[in-house]
Amino acid sequence: MSAPGFFLIAVATGWLFTRKAKITESPNQSSPSRHSNIRMVTVSAISFFLGLQFSHLKELLHTDSNGGGLIHRGATEYMSWAPDDVEQAERRNRGMRRRRKQTQSIAVKKKKVKALPRYHDSNYTKDNFEPLPWSLPKPSPTRYQTSEEFMADYIALKRKHNIPLPWEQEKYREDKVTLPRPIIGLNFPKSATLTMTDYFSCGGITSIHTTTQDGRIGICMMENHLADKPPMEGCNTHKNKKEKTEPKPIEVIFDIGLQGPPCYYASVHDGGLENIAKHYPEGTIMLVTRNATKWFKSFEGWGEILKQWKKSCGFDGSLDGEGMEYWSNSYRSSRNKKQYWIDFYEAHTQKIREFALQHLSLTYVEVELENEKMAEQLEQYTGVKQACVQVCHPGPFW
């Protein structure tokens with residue numbers, strides 16, 4: 001019982017005794033009437049009830065000093081007059097429901113976090129990835145041919161060995177693209193990789209740039225190369241998120257290199273081109289070349305790719321191994337390094353050309369980006385309309 005309850009009882013009891021004393025002091029007065037007895041009983045009952053309930057009423061009605069209201073902040077509005085144990089139980093239930101909702105909300109958010117694709121560069125770091133051996137040839141006359149000149153020599157060699165050109169074969173004339181699949185683009189970054197991806201998509205076949213839903217194409221090709229598997233095994237299908245259809249086989253891939261870690265370019269690292277020819281002996285390899293000086297101007301200002309080529313790939317000749325002495329000396333002797341990377345780019349073109357001449361079962365197509373007849377030549381080789389060659393601006397220095 002609260003202090004105010006005791007106070008009320010004391011007042012009521014004092015009043016009753018005072019009343020009794022007055023009656024006792026008047027001997028001539030008759031005994032208390034029946035109404036007086038009822039009054040005494042009623043007052044006693046009221047004071048006792050108030051003493052028991054005063055604490056609860058004060059809890060419910062006292063002013064909230066922080067909010068300025070008359071209702072206690074923690075009270076349940078629709079149960080203001082319920083007994084304490086009922087209201088407290090309801091508060092506990094509401095708290096449990098609120099915590100349960102918060103837990104469910106957190107669980108839903110966690111479910112929305114997508115798992116990383118199979119071929120993701122987070123699996124590789126500079127600590128667990130050693131640069132792979134690579135090689136590029138020393139200069140030869142093939143390096144200095146234009147794309148148009150080299151393709152004339154290549155076509156003549158195919159005809160000499162009675163190897164039919166696919167764009168002249170009847171079986172390809174009704175196809176959307178007159179080239180054997182897969183078509184693997186070997187362009188370096190900043191050499192129209194996206195332009196060519198869009199070109200073949202415009203032609204109506206599945207053409208992919210850089211990644212699929214399985215992850216980076218370059219990582220997939222690297223792991224398959226090291227495991228002696230077909231280059232596109234495990235990353236050879238694509239599902240369009242906007243269309244509710246089954247995954248489609250990938251027919252064209254571009255931008256397949258990695259600057260690291262891990263660093264991998266099938267056309268630079270040892271055995272990469274051989275792995276393509278081994279598993280796709282009748283496939284197509286393709287190259288779009290640029291003026292090497294213009295390429296370097298665009299390339300060196302594109303993020304930190306040049307830094308990674310030196311740090312993660314060792315393309316500055318810093319690796320040990322056969323053939324590295326030539327490139328190491330060339331890099332050290334180059335005053336502004338610009339000429340080194342121009343030579344590197346042209347040696348890459350030379351390597352692919354020489355490989356194509358040695359593997360005639362493959363189909364090789366090369367065009368030059370700055371050539372005014374590029375779209376016309378592409379239509380001749382691929383059967384895709386010239387209008388599908390879009391204007392491309394892959395960077396601020398294009």
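This is a predicted model: local features need pLDDT of at least 70, side-chain atom pairs count only at pLDDT 80 or more; totals for chains, interfaces and linings use all residues.

Biologist: Let's begin with the cysteines. How do you know that C202 and C388 form a disulfide?

Modeller: Two cysteine sulfur atoms count as a disulfide when they lie within 2.5 Å. For C202 and C388 the S to S distance is 2.0 Å, so the pair meets the rule. The partners come from distant parts of the chain: C202 is in helix 6, while C388 is in the segment after helix 13, 186 residues apart.

Biologist: What makes the disulfide of C202 and C388 left-handed or right-handed?

Modeller: Look at the torsion about the S-S bond. It is about -60 degrees for C202 and C388, so this disulfide is left-handed.

Biologist: And why is C202 called partly exposed, and what is C388 called?

Modeller: Buried means under 20% relative accessible area, exposed means over 50%, and partly exposed is in between. C202 has 44%, so it falls in the middle class. C388 has 7%, which is under the 20% limit, so C388 is buried.

Biologist: How many disulfides are there by this rule?

Modeller: The count comes to three. Another one joins C220 and C235, with sulfur atoms 2.1 Å apart. Its torsion is about -85 degrees, so it is left-handed. C220 sits in helix 7 and C235 in the loop between helix 7 and strand 5, so the link ties together parts 15 residues apart in sequence. Both C220 and C235 are buried.

Biologist: What about C263 and C313: how do you know that they are joined?

Modeller: Their S to S distance is 1.9 Å, and the limit is 2.5 Å, so they count as a disulfide. The torsion here is 105 degrees, and the link is right-handed. C263 belongs to strand 9 and C313 to the loop between helix 10 and helix 11, so parts 50 residues apart in sequence are tied together.

Biologist: Why are C263 and C313 called buried?

Modeller: C263 has a relative accessible area of 1%, and C313 has 0%. Buried means under 20%, so both qualify.

Biologist: What pattern do the disulfides follow?

Modeller: Counting bonded cysteines along the chain, the pattern is 1-6, 2-3, 4-5.

Biologist: Which residues meet where helix 6 and helix 13 touch?

Modeller: From helix 6 there are M196, Y199 and F200, and from helix 13 there are M374, L378, E379 and T382. By class, this contact has five nonpolar residues, one polar and one charged.

Biologist: Which residues of helix 6 are buried, and what do they pack against?

Modeller: T193, T195, M196, T197, Y199 and F200 are buried in helix 6. The buried residues of helix 6 pack against strand 1, strand 2, strand 7, strand 10 and helix 13.

Biologist: Which residue with a positive phi follows helix 6?

Modeller: That is G204, with a phi near 100 degrees.

Methods
Residues are numbered from 1 along each chain as its sequence is written. Side-chain values use heavy atoms; hydrogens and water are left out. Contact means heavy atoms within 4.5 Å. Helices (H or I, at least four residues) and strands (E, at least two) are DSSP runs, numbered from the N terminus. Ala, Val, Leu, Ile, Met, Phe, Trp, Tyr, Cys and Pro count as nonpolar, Asp, Glu, Lys and Arg as charged, and the others, Gly among them, as polar. Buried means under 20% relative accessible area, exposed over 50%, partly exposed in between (1.4 Å probe, protein chains only).
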